[in-house]
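Welcome, and thanks for taking a look at this model with us. Please keep the structure open beside the text as you read.

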Amino acid sequence: MTGRRLLDKLWESHEILRREDGTSLLWVDRHLVHEGSHHAFAKIAERGVPVAEPGLTFGVADHYAPTRGAPASDAIARMIATLAANTAKHGITCFGLDDPRQGIVHVIGPEQGLTLPGLLINCGDSHTSTHGAFGALAFGIGATEVSHVLATQTVWQKRPKAMRIDVTGRLGPGVGAKDLALAWIAKLGADGARGHAIEYTGPAVRALTMEGRMTLCNLSIEGGARFGMIAPDETTFAYVKGRPFAPSGYDWDRALELWSELPSDADAAFDTEVTMDASEIAPIVTWGTTPEDALPVTSTIPDPARMQGSAAERARNALDYMGLTPGQKLTDIAVDQVFIGSCTNSRIEDLRAAAAVLAGRRAKVPGIVSPGSQQVKAQAEAEGLDRIFIDAGLDWVGSGCSMCVAMNGDRVEPGKRCASTTNRNFRGRQGRDARTHLMSPAMVAAAAVTGHLTDVRELMKEREVA
Amino acid sequence: MSGWRTHSGLAVALDRENVDTDQLIPARFMSTPRSAGYGEFLLYDLRTDTDGTPIADFPLNAVPNARILISRRNFGSGSSREAAVYALVDFGIRVVIAPSFGDIFASNSVNNGLLPARVSEAEVDAAIAALADGAKEVTVDLTDRTIRFGNTTLEFTLDDVWQQKLINGWDDIDLTQNHKQAIAAFRAQHVQRMPWAIPVQQTNFRSAGRDTVSQ
């Protein structure tokens with residue numbers, strides 16, 4: 001008999017019952033809601049049922065949160081007010097705009113210690129896989145499922161297949177978790193991990209900080225996986241210890257014992273195994289309209305004429321939308337603006353990485369920097385990072401989903417090209433007809449400095465020479 | 001939600017891969033209450049010019065009474081927004097046929113009576129070719145998992161649980177209420193095993209540099 005995987009241990013410790021058809025009813029430890037949860041609140045109101053566990057439910061304003069001044073429209077203000085009203089009505093703690101704990105849901109969960117190893121975490125947002133970085137079973141759900149969790153604190157789910165992405169070697173200078181994530185998505189495709197829960201393993205993953213691990217797990221859904229996870233270790237425990245909602249005293253000691261049992265057994269088998277060598281990964285940028293359209297920044301735009309069937313057609317459509325030509329060097333692509341933020345890359349280390357490139361330099365294009373939470377913002381200001389961004393000519397704004405999802409009024413105008421630390425280069429994602437290139441915070445900073453896509457390692461060399 | 005067994009109607013092809021949920025409904029429409037209807041938002045940026053004029057030859061504009069959509073791999077990928085399903089359903093679509101679907105989109109679909117029917121890439125190629133000269137009447141049967149058009153019959157793949165849910169129009173909250181005792185018993189032993197499963201604020205939030213300026 002083969003050993004149990006992290007996925008199995010998490011699954012079995014939350015399984016209330018399993019139907020004959022194989023669907024499990026799972027207990028939900030943390031349910032995070034945001035403005036978009038209004039459909040789900042409306043559904044339970046329609047049925048006249050209460051929220052089963054208000055104490056396990058936390059609300060936060062992020063998707064529509066203004067980053068500069070007041071909400072941009074009445075409709076946006078109404079979304080934020082509706083969240084406040086729904087959470088107040090049901091006795092749910094809500095980190096609203098005036099709460100110093102406010103920020104992007106996938107930033108504040110870990111920051112407040114609500115996200116812990118061994119928990120099951122749901123949120124009506126596909127990037128909930130972020131929390132898997134702690135060795136939690138975390139997955140995004142739709143509005144009907146959100147209403148089910150509100151009403152019962154449980155969720156029906158079939159156990160997914162298990163994929164292991166093992167990353168050997170170590171990431172080079174200027175290469176980080178974002179590059180690693182885009183590299184595997186480019187290799188396997190935007191649906192390469194569909195139907196799977198991914199466990200990331202190997203020395204390159206172990207070497208990542210918690211923030212890097214969150215970036216990696218966050219992007220699992222961009223390769224089709226609803227779940228991404230990393231077994232907890234000393235790095236995890238050090239991050240969690242002392243957080244506001246983390247256990248303490250006797251409970252902390254007991255928690256450490258349980259959490260130490262979570263890693264997959266040495267003889268555990270996976271349905272799909274993928275191996276990558278971190279030392280072969282270069283800084284990566286996207287050129288098309290899905291995250292699988294990703295290449296090392298040293299490459300050229302691919303030629304649809306050399307592709308087969310529907311892939312060729314898709315590439316042609318993507319290049320047409322993006323306004324790019326086959327054979328063009330990626331580093332020749334000029335950008336109109338930059339964006340640093342989102343649940344993927346807005347944490348303090350992301351801001352430090354971008355600031356390290358921008359320090360003492362001027363951005364050639366405008367851009368905004370939106371820290372992932374008010375806590376991150378305060379930390380960055382304490383470190384003087386805000387001055388670096390402002391002195392470089394970028395706007396230092398409030399925290400929220402902002403220009404990643406273009407719901408709060410922050411958007412890229414039609415035809416404009418944005419170097420962005422976000423997670424989706426989909427058509428229209430950052431605004432109608434917006435052209436998005438995804439990359440790491442350091443790479444976005446490099447693009448800001450030169451005005452075109454740039455290998456950040458070149459700018460780092462300049463620093464060494466100087 | 002009411003269940004269904006067969007569905008007939010005009011099918012159109014959306015000959016694209018990776019039709020993500022941001023395309024199915026652009027984010028800017030999502031503050032609209034559902035009661036207002038989401039049909040007009042479906043694929044809005046593909047269906048209209050920048051000034052909002054419908055593009056006449058876009059499949060869903062050419063066949064506004066389409067009930068079945070055939071598309072390519074990874075349909076409904078991306079954001080978990082159930083509004084993407086609302087847009088399809090409110091437009092009148094009850095079946096989407098594709099080689100693969102985003103996991104969250106597929107479960108959202110079934111929760112709203114929309115069938116995500118999986119067929120092979122080759123069958124999609126053939127079906128799209130068959131629709132090249134216009135929409136065709138198609139019949140989808142949930143009970144035997146078949147799609148019929150002209151003389152062609154395709155078998156689609158669908159999880160057994162989802163098949164039953166679509167046929168019966170099951171509501172999960174009703175089903176789950178039957179397990180109240182099991183849930184309560186689980187909760188008690190779970191919290192005993194890991195008391196931190198109930199979050200209690202142990203320390204104050206870090207107030208250093210508390211920012212009151214930005215809002």
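This is a predicted model: local features need pLDDT of at least 70, side-chain atom pairs count only at pLDDT 80 or more; totals for chains, interfaces and linings use all residues.

Residues are numbered from 1 along each chain as its sequence is written, chains are lettered from A and ligands numbered from 1 in the order in which they are written, and side-chain values use heavy atoms, with hydrogens and water left out.

- Contact (heavy atoms within 4.5 Å) joins 41 residues of domain 1 of chain A to 45 residues of domain 2 of chain A.
- Between domain 1 and domain 2 of chain A, about 3,300 Å² is buried, with carbon and sulfur atoms giving 55% of that area. Buried area here is the accessible area (1.4 Å probe) that two parts lose on being put together, summed over both.
- Three salt bridges are found across this interface of domain 1 and domain 2 of chain A, where a salt bridge is a side-chain nitrogen of Lys or Arg within 4 Å of a carboxyl oxygen of Asp or Glu.
- The salt bridge between A:Asp410 and A:Arg68 has its closest N and O atoms 3.1 Å apart.
- On the side of domain 1 of chain A that touches domain 2 of chain A, α4 (105–111), α6 (177–188) and α8 (210–218) of chain A each supply at least two residues. Helices are DSSP runs (H or I, at least four residues) and strands likewise (E, at least two), numbered from the N terminus.
- That side of domain 1 of chain A has 18 nonpolar, 15 polar and eight charged residues. The classes count Ala, Val, Leu, Ile, Met, Phe, Trp, Tyr, Cys and Pro as nonpolar, Asp, Glu, Lys and Arg as charged, and the others, Gly among them, as polar.

**Where chain B meets chain A**

- In this interface, 70 residues of chain B are in contact with 90 residues of chain A.
- The area buried between chain B and chain A is about 6,700 Å², and carbon and sulfur atoms give 53% of it.
- Chain B and chain A share 10 salt bridges.
- B:Asp45 pairs with A:Arg432 in a salt bridge, the closest N and O atoms being 3.4 Å apart.
- Helices of chain B that each supply at least two residues to the side touching chain A include α2 (44–47), α5 (103–110) and α9 (180–193).
- The most comes from α9(B), with six residues.
- By class, the side of chain B that touches chain A has 23 nonpolar, 25 polar and 22 charged residues.

**Chain B on its own**

- Chain B is assigned domain 1 (6–169) and domain 2 (171–200), whose C-alpha centres lie 36 Å apart.
- Its mean pLDDT is 92, and 94% of the residues of chain B reach 70 or more; pLDDT is the predictor's confidence in each residue, from 0 to 100.
- Over residues 205–215 of chain B, pLDDT stays under 50.

**Salt bridges overall**

- Over all chains, the whole structure has 47 salt bridges.
- A:Glu292 and A:Arg314 form a salt bridge, with the closest N and O atoms 3.0 Å apart.
- This pair links distant parts of the chain, 22 residues apart: A:Glu292 sits in the loop between β13 (284–286) and β14 (294–296) of chain A, and A:Arg314 in helix α11 (residues 309–322) of chain A.

How values were computed:
Domain bounds come from an automatic or database domain assignment.
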